[in-house]
Amino acid sequence: MVKPIIIGGILFTIASQIILMGEVIMTMDIYMMPEYFPVWSTLMMPDMGPPPAIFYAISISVSLCLALLYSAVYGILQKAIPGTGLRRGINYGILLFLISSLPAMLGMWMLINLPAKFFIAGLAFGLIHYLVGGVIIAWVFQRFGRTDTVF
């Protein structure tokens, strides 16, 4: 069933962009510190100042691809995820956080010399991101899809 995967992916992408804006606002001071400019990719910050439009286009495209992947995986795993309805979505969000955001932030903390605030914000907003995303995906599958596996 493709419909819940697409709807879930689109809604998760929209939520992701909103949540990411919160994280960027909380850590904007770090992005603006000249000593950290070399840390950021040239795609994000080719010059001093805000990212170019192409960065946003690529960022949203990557977010959509990942959200579609997370929706498809939910469709495969949903019967194995504990709980029902939105509780299942929360459990899926916790799973995504534990296998995605937590390892990514810990890896970056070990490799990149940035203030702890950056990694703490990344973990906090990562948890919010995946909890909200898990709930969105579970709701979409409950509303638009079957409750058994998609594939």
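**Helix packing and a buried asparagine**

Trainee: In this predicted model, helices α1 and α4 cross in a right-handed sense. Are α1 and α4 roughly parallel or roughly antiparallel to each other?

Mentor: The axes of α1 and α4 (residues 116-144) come within 9 Å and cross at roughly 165°. Angles over 145 degrees count as roughly antiparallel. The relation of α1 to α4 is therefore roughly antiparallel.

Trainee: How many charged residues does the contact of α1 with α4 have?

Mentor: The residues of this contact of α1 with α4 are sorted by class, and 22 of them are nonpolar. A further seven are polar. The number of charged residues in the contact of α1 with α4 is four.

Trainee: How is the arrangement of α1 and α2 classed?

Mentor: Two packed helices are described by the angle between their axes and the distance between the axes. For α1 (residues 3-31) and α2 (residues 53-77), the axes come within 8 Å and cross at roughly 135°. That angle makes the arrangement of α1 relative to α2 oblique.

Trainee: What is the handedness of the crossing of α1 and α2, and how many charged residues does their contact have?

Mentor: The α1 side of the contact includes Ile-6, Gly-9 and Phe-12, which belong to a set meeting α2 residues among them Ile-60, Leu-64 and Tyr-70. The crossing of α1 and α2 is right-handed.

Trainee: Is Asn-91 buried or exposed?

Mentor: Asn-91 belongs to helix α3 (residues 85-111). Its relative accessible area is 18%, and the cut-off for burial is under 20%. Asn-91 is therefore classed as buried.

Trainee: Which residue has its backbone oxygen 2.7 Å from a polar atom of the Asn-91 side chain?

Mentor: Leaving aside residues up to four places away in sequence, Asn-91 touches Ile-81, Pro-82 and Gly-83. The backbone oxygen lying 2.7 Å from a polar atom of the Asn-91 side chain belongs to Pro-82.

Trainee: What percentage of contacts between residues at least 6 apart in sequence join residues at least 24 apart?

Mentor: The chain has four helices and zero strands, in the order α-α-α-α along the sequence. Its C-alpha trace spans about 50 × 30 × 20 Å along the principal axes, and buried residues make up 37% of the 151 residues. Among the contacts between residues at least 6 apart, the share joining residues at least 24 apart is 75%.

Technical notes:
Residues numbered from 1 in each chain as written. Predicted model: local features only at pLDDT ≥ 70, side-chain atom pairs only at ≥ 80, totals over all residues. Heavy atoms only, no water. Axes fitted to C-alpha atoms, helices over the stretch in contact; angles between N-to-C directions. Helix = DSSP H or I, 4+ residues; strand = E, 2+ residues; numbered from the N terminus. Parallel < 35°, antiparallel > 145°, perpendicular 65-115°, else oblique. Left-handed = near helix turned anticlockwise from the far one by under 90°. Contact = heavy atoms within 4.5 Å. Buried < 20%, exposed > 50% of the residue type's maximum accessible area, 1.4 Å probe, protein only. Polar contact = N/O pair within 3.5 Å; in protein donor to acceptor, adjacent residues only side chain to side chain. Nonpolar A, V, L, I, M, F, W, Y, C, P; charged D, E, K, R; others polar.
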